[in-house]
Structures are given as structure tokens and as C-alpha cells.
Amino acid sequence: MTRKVADCRKYPSVSNCTLTISGEEDEVVRAAAEHAVSVHEHTDSPEMREQIRASLEDEKVAV
């Protein structure tokens with residue numbers, strides 16, 4: 001299974017957040033949603049989680 005990555009650096013924020021989260025897709029969506037709520041003051045919702053899921057990228061493995 002390909003690991004997924006959520007990277008805050010791709011989205012402008014007041015805090016200039018640099019957090020990157022990687023793991024299995026459901027884990028990353030859950031962790032990124034918790035981070036978005038606790039750090040960026042977003043409201044958790046199914047729509048937000050779908051936006052996160054849609055923005056995930058495959059982890060690039062160094063060879």
C-alpha cells in the first residue's frame with residue numbers, strides 16, 4: 001500500500017506551518033483533520049476531511 005502525505009507548506013497560513021504528516025490514507029486524514037482543528041482553528045466536518053483526502057499525495061520514496 002502506498003503511503004500518503006499531507007503537507008501544510010502547500011497551503012498558506014498565518015503561522016507559516018511546516019508540518020508534514022505521512023502514513024496510511026485514513027491515518028493521515030484523521031491526523032491532518034485534528035491538526036487543522038487544533039492549530040489552524042478550522043471546524044471538523046465531513047467536507048473538510050474530503051478536501052484533505054483529495055489533497056493527499058503519494059509519498060515519494062528515495063531510491
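The model is predicted: local features need pLDDT of at least 70, side-chain atom pairs count only at pLDDT 80 or more, and totals for chains, interfaces and linings use all residues. Residues are numbered from 1 along each chain as its sequence is written, and side-chain values use heavy atoms, with hydrogens and water left out.

**The sheet**

Strands here are DSSP runs of E with at least two residues, helices are runs of H or I with at least four residues, and both are numbered from the N terminus. Two strands pair if DSSP finds at least two bridges between them. Strand β1 (residues 4-7) is joined to β2 by four bridges, and the two run antiparallel. To locate one of these, select Asp7, whose bridge partner in β2 is Thr20.

Within helix α1, select His35. His35 is buried, with a relative accessible area of 13%; buried means under 20%, exposed over 50%, and partly exposed in between (1.4 Å probe, protein chains only). The side chain of His35 makes a polar contact with that of His40 (3.2 Å). A polar contact is a pair of N or O atoms within 3.5 Å; within protein, one must be able to donate a hydrogen and the other to accept it, and residues adjacent in sequence count only if both atoms are side-chain atoms. Not counting residues up to four places away in sequence, His35 touches Cys8, Cys17, Leu19 and His40, where contact means heavy atoms within 4.5 Å.

Return to strand β1 and select Lys4. Is this lysine, Lys4, buried or exposed? At 19% relative accessibility, Lys4 counts as buried. Its side chain makes a polar contact with the side chain of Asp58 (2.4 Å). Beyond its neighbours within four places in sequence, the contacts of Lys4 include Ile21, Val28 and Leu56.

Select Leu56 next, in the loop between α2 and β3. Leu56 is buried, at a relative accessible area of 12%. Leaving aside neighbours within four places in sequence, Leu56 contacts Lys4, Val5, Ala6, Glu25, Val28 and Val29.

**Two loop residues**

Asn16, in the loop between β1 and β2, has phi near 50°, a positive value in a residue other than glycine. Asn16 counts as exposed at 60% relative accessibility. Glu41, in the loop between α1 and α2, has a positive phi near 60° and is exposed at 71% relative accessibility.

**The largest pocket**

Finally, centre the view on Cys8, Tyr11, Ala36, Ile52 and Ser55, which lie nearest the centre of the largest pocket among its 19 lining residues. The elements giving two or more residues to this lining are β1, α1 and α2 (46-55). Helix α2 gives the most, with four residues.

A pocket is found on a 1 Å grid over the protein atoms alone, as an open set of points where a 1.4 Å probe fits, with protein on both sides within 12 Å along at least five of seven lines; lining residues have an atom within 4 Å of a point.
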